[in-house]
Amino acid sequence: MAAINHRGEVETGDSGHYSGWADLTHECLLNILNRLTLEDRWLSTMLVCKSWLHASKDPSLHSVFDLESSFKSRPSESSRWWTPEFERKVDNMLRSVVDWSDGDLAEIRVRHCSDRSLSLVAQRCPNLEVLSIKSCPNVTDESMKKLASGCPKLKELDISYCYEISHESLLVLGRKCTNITVLKRNLMNWLDPSEHIGIVPTSYLNACPQDGDSEAAAIGNFMPQILHLELRFSKLSARGLALISQGCKNLEYLDLSGCMNVTSRDIANATSSLTSLKNVKKPNFYIPRSGFHAERYGHWRLYDDRFQTDAFRI
Amino acid sequence: MSQTVVLEQNAVETQSITLKFDGCSSDANPSPIVNPENQSITIKFDDQASNHHTIPVSIPNVDSETEAAVNEFLRKHGSSDEESVRTDAMNDLWSFIERQEIGTVVVLVKFASDVKNFELLEIFCQRVADVIAKKTVEEVREIFNIANDFTPEEEQAIRDEHRWAFED
């Protein structure tokens, strides 16, 4: 093929074929880059040449930062993700994107970031609408409270598996971000942590929040506009559930899988007044991780429905 | 529907060009707009009587087969408001483009941008993106004939500053 430099100049004779990349406008390059995933833009295009590096930093490419897709596409979770080195790299990526987005960042989906990047998000992303920060052991109430002030347009929030965020953040978020309609605050399966052993540090598994009712109270009291709520494996009791049903009148979807401290009766009582409720995921006592477990514990489903007992309350 | 024809001239001092438009029922005399910067003459005319006619365009730096495929798309796509006809036209052009050299596609991106045809731009830009996806930086440079203008030190500094988190 003819040797053509990045300015599109033909350097040797060719077969009449013309490949003038440089003739492409900046807009065309952006049009093309916009169609690539974050991973492709990071690994395939940023370092091609100086003009491509420049284009890669254009704000129009950075209204969405979706690293979650890359996490999900990996065949399995890695213990490496829970190391400080990995967290630093994630923070650096997020900080770069915040910088390049020039205030336009509207959607962040990431795991394993920390206060280090989130405090920058709070300062520089006033248009943020979607924030999904699952599995972030080093995101604390401190940066969440800043975020609540800095990102009033938040609509969708996923803080699942973030054990340093407490009900205090939920309180402040409720007060300051009145557009939040989707809240996911799932905990890891503490009943059967076998899927996490060897990947998630045991100390973290054990640091699972205990005060489900405080969190439920914060949600019930300060997030009346909530439509979609996930609280898998929360330790909330009937009392907390009642506060949610009293406060969140528009609830359409409620996930209480793994919530061992509420019975079917508690749920029926609490949800009877929620007229918009379309879908409730009940604790179903035991969620089998494998066929073996299903056989062993499957019959326990009967207890939940037939006996509606409190005997298994933990 | 207004149509734009862009003519690019070489630096020749006097030249006369005769334009023939098929089936154009415009009554107005189109006045040419000269742009000295890119040496182009733009003639816009409103072809309101005929929604269903497209003038074949001439595309610089591509072979006749490619030019014909693009014109076939323009004709078919412009000939009907029906979704299925337009989708067929896009699929046909897409299949054709997938078989072309990437250099041709890059030329077509430029063409589509120049004539401001959104559908063509969609197809050609998407094709380029598909070719780039999952490649290494070196492969992309090779395919698109782009020279690396970073010094080794510059390149390493950027790699260090912008590490992909999942890199080993």
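The text takes the cavities, then a pocket, then a helix packing.

The model is predicted, with local features needing pLDDT of at least 70, side-chain atom pairs counting only at pLDDT 80 or more, and totals for chains, interfaces and linings using all residues. Residues are numbered from 1 along each chain as its sequence is written, chains are lettered from A in the order in which they are written, and side-chain values use heavy atoms, without hydrogens and water.

On a 1 Å grid over the protein atoms alone, a cavity is a set of points where a 1.4 Å probe fits but cannot get out, a pocket is an open set with protein on both sides within 12 Å along at least five of seven lines, and lining residues have an atom within 4 Å of a point. There are three cavities of 30 Å³ or more. The second largest cavity holds about 40 Å³, and its lining consists of A:Arg41, A:Trp42, A:Met46, A:Ser56, A:His62 and A:Trp100.

The second largest pocket has a volume of about 520 Å³. It is lined by 26 residues, of which A:Lys134, A:Ser160, A:Tyr161, A:Asn186 and A:Arg232 are the closest to its centre.

In chain B, helix α1 (residues 64-79) packs on helix α4 (residues 118-132) at an angle of about 135°, with the axes 11 Å apart. In the contact (heavy atoms within 4.5 Å), B:Val70, B:Phe73, B:Leu74 and B:His77 of α1(B) meet B:Glu119, B:Leu120, B:Ile123 and B:Phe124 of α4(B).

Conventions:
Points joined across faces, edges and corners; volume = space filled by probe spheres on them. Axes fitted to C-alpha atoms, helices over the stretch in contact; angles between N-to-C directions. Helix = DSSP H or I, 4+ residues; strand = E, 2+ residues; numbered from the N terminus.
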